[in-house]
Amino acid sequence: MATLPQLLEEDIQALNEALQELLSKSDSTCSLVIDKGGFIITACGNADSFDTVTLSALAAASYAATEGIANLVSEPNFSSVYQQGEGHSLLVQNVDEFCLLTVIFKAQISVGAVKYYAADTIKKIARQLNRA
């Protein structure tokens, strides 16, 4: 069974650059790369405003539940979870078999815009993890 590669400082720096670019382009509040077990790999933005440890665990569990639902309805491609709130919204998207991208953004920002910019970020994260 494959596992998440050991990440060096250069890998984390590349991930952080991709996350910062996403935050800048989408005007999001915080972005995280988490493993599918719910552990934070790296976080950027205003992460101090949130309990990111608990948020990561719950986001991973929510994504796992969505994968289970997808299997029940014979859908192989449920690749994201979107939680809309009054103040903030949350988008969790699959990166690869190991990781998820989690983005917290103000509810006034369009989820479509966040998804649009996240697509490029996901590719950058996946490439960096493959290099690692």
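**Ground rules.** I number residues from 1 along each chain as its sequence is written, and side-chain values use heavy atoms, with hydrogens and water left out. In this predicted model local features need pLDDT of at least 70 and side-chain atom pairs pLDDT 80 or more, while totals for chains, interfaces and linings use all residues.

**Helix H2.** I took helices (H or I, at least four residues) and strands (E, at least two) as DSSP runs, numbered from the N terminus. H2 covers residues 52-72, which is 21 residues. I found 30 Å from its first C-alpha to its last, close to the 30 Å expected at 1.5 Å a residue; the expected span is 1.5 Å times one less than the number of residues.

I called a residue buried under 20% relative accessible area, exposed over 50% and partly exposed in between (1.4 Å probe, protein chains only). Thr 52, Ser 56, Ala 59, Ala 60, Tyr 63, Thr 66 and Ala 70 are buried. They lie on the same side of H2 because they cover an arc of only 120 degrees around the axis, taken from the directions from the helix axis to the C-beta atoms. On the other side, Val 53, Leu 58, Asn 71 and Leu 72 are exposed.

**After H2.** Ser 74 follows H2 and has a positive phi, near 55 degrees.

**H1 and H3.** The axes of H1 (residues 9-26) and H3 (residues 111-131) come within 9 Å and cross at roughly 170 degrees. I fitted axes as lines to C-alpha atoms, for helices over the stretch in contact (heavy atoms within 4.5 Å), with angles from 0 to 180 degrees between N-to-C directions. The crossing angle makes H1 roughly antiparallel to H3, a label for angles over 145 degrees.

Note on methods
Angles under 35 degrees count as roughly parallel, over 145 as roughly antiparallel, 65 to 115 as roughly perpendicular and the rest as oblique.
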